[in-house]
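User: I am new to reading protein models, and I would like to go through one with you, feature by feature. Could you show me the general idea each time, and then the case at hand?

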Amino acid sequence: IAGLALGASSLESAAVQACTRLLDDEAPGTAPATTGAPRARSVVIDEVRTASPTLMVVTGTYRGADGTVSFTCPVSTAAGTPGVGDIEWGAVSP
């Protein structure tokens, strides 16, 4: 959805969706205070760029329990289905 809102191509949209799913699983500072409580899932995509013919890079911010964390998410498109690499996390800001 975020990718489509940016007017992105279907490949860019798939890259954003792949990163967003992984962010929901791996974002720091998002553990629920109560067992079973939903985690914050506020992802803001700042940029989706093509780094090479087989690599896209998604950057943005993720709002968790401790504040907003910046991230850089590499996405390999070599196999046709986007595969997300290791996410780099930035500093947390309130």
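User: Is phenylalanine 71 buried or exposed, and why?

Analyst: This is a predicted model, so every value here is computed from predicted coordinates. A residue counts as buried when its relative accessible area is under 20%. Phenylalanine 71 has a relative accessibility of 3%, and therefore counts as buried.

User: Which aromatic pair does phenylalanine 71 form, and how is such a pair described?

Analyst: A pair of aromatic rings is described by the distance of the centres and the angle of the planes. In this protein the count comes to one aromatic pair. Phenylalanine 71 and tryptophan 89 form that pair, with 6.4 Å from centre to centre and 65° between the planes, and the arrangement is edge-to-face. Because phenylalanine 71 lies in strand 3 (residues 67–76) and tryptophan 89 in strand 5 (residues 88–93), the pair ties together parts that are 18 residues apart in sequence. Tryptophan 89, at 29% relative accessibility, counts as partly exposed.

User: Which residues touch the most other members of the largest nonpolar core?

Analyst: In soluble globular proteins, nonpolar side chains tend to be buried together. Here the largest nonpolar core has 14 residues, of which Ile45, Val48, Val58, Phe71, Cys73 and Val75 touch the most other members. Helix 2, strand 1 (42–52), strand 2 (55–64) and strand 3 each supply at least two residues of this core, and helix 2 gives the most, with four residues.

User: Which residues of helix 2 are buried?

Analyst: An α-helix has 3.6 residues a turn, so residues three or four places apart point the same way. In helix 2, the buried residues are Glu12, Ser13, Ala15, Val16, Ala18, Cys19, Leu23 and Asp24. This helix has 17 residues and reaches 24 Å from its first C-alpha to its last, which is close to the 24 Å expected at 1.5 Å a residue. Alanine 14 also lies in helix 2 (residues 10–26), but at 24% relative accessibility alanine 14 counts as partly exposed. Between alanine 14 and threonine 77, which are 63 residues apart in sequence, the C-alpha to C-alpha distance is 9.7 Å.

User: Where does threonine 68 lie, and what is it in contact with beyond its neighbours within four places in sequence?

Analyst: Threonine 68 lies in strand 3, and it is buried, with a relative accessible area of 15%. Leaving aside those neighbours, threonine 68 is in contact with Thr61, Tyr62, Arg63, Ala91, Val92 and Ser93. The C-alpha atoms of threonine 68 and glycine 90 are separated by 9.3 Å, although these residues are 22 apart along the chain.

User: How do the elements run from the N terminus on, and what is the mean pLDDT of the protein?

Analyst: The protein has two helices and five strands, which run α-α-β-β-β-β-β from the N terminus on. Of its 94 residues, 31% count as buried. The mean pLDDT is 77, and 74% of the residues reach 70 or more. Over residues 1–6, however, the pLDDT is below 50, and this stretch has eight contacts in the model beyond near neighbours in sequence. Where pLDDT is low, the predicted coordinates should not be read in detail.

Key
Residues numbered from 1 in each chain as written. Predicted model: local features only at pLDDT ≥ 70, side-chain atom pairs only at ≥ 80, totals over all residues. Heavy atoms only, no water. Buried < 20%, exposed > 50% of the residue type's maximum accessible area, 1.4 Å probe, protein only. pLDDT = per-residue confidence, 0-100. Contact = heavy atoms within 4.5 Å. Expected span 1.5 Å × (residues − 1). Phe/Tyr/Trp six-rings, centres within 6.5 Å; stacked < 30°, edge-to-face > 60°. Core = buried A, V, L, I, M, F, W, Y, C linked by side-chain atoms within 4.5 Å.
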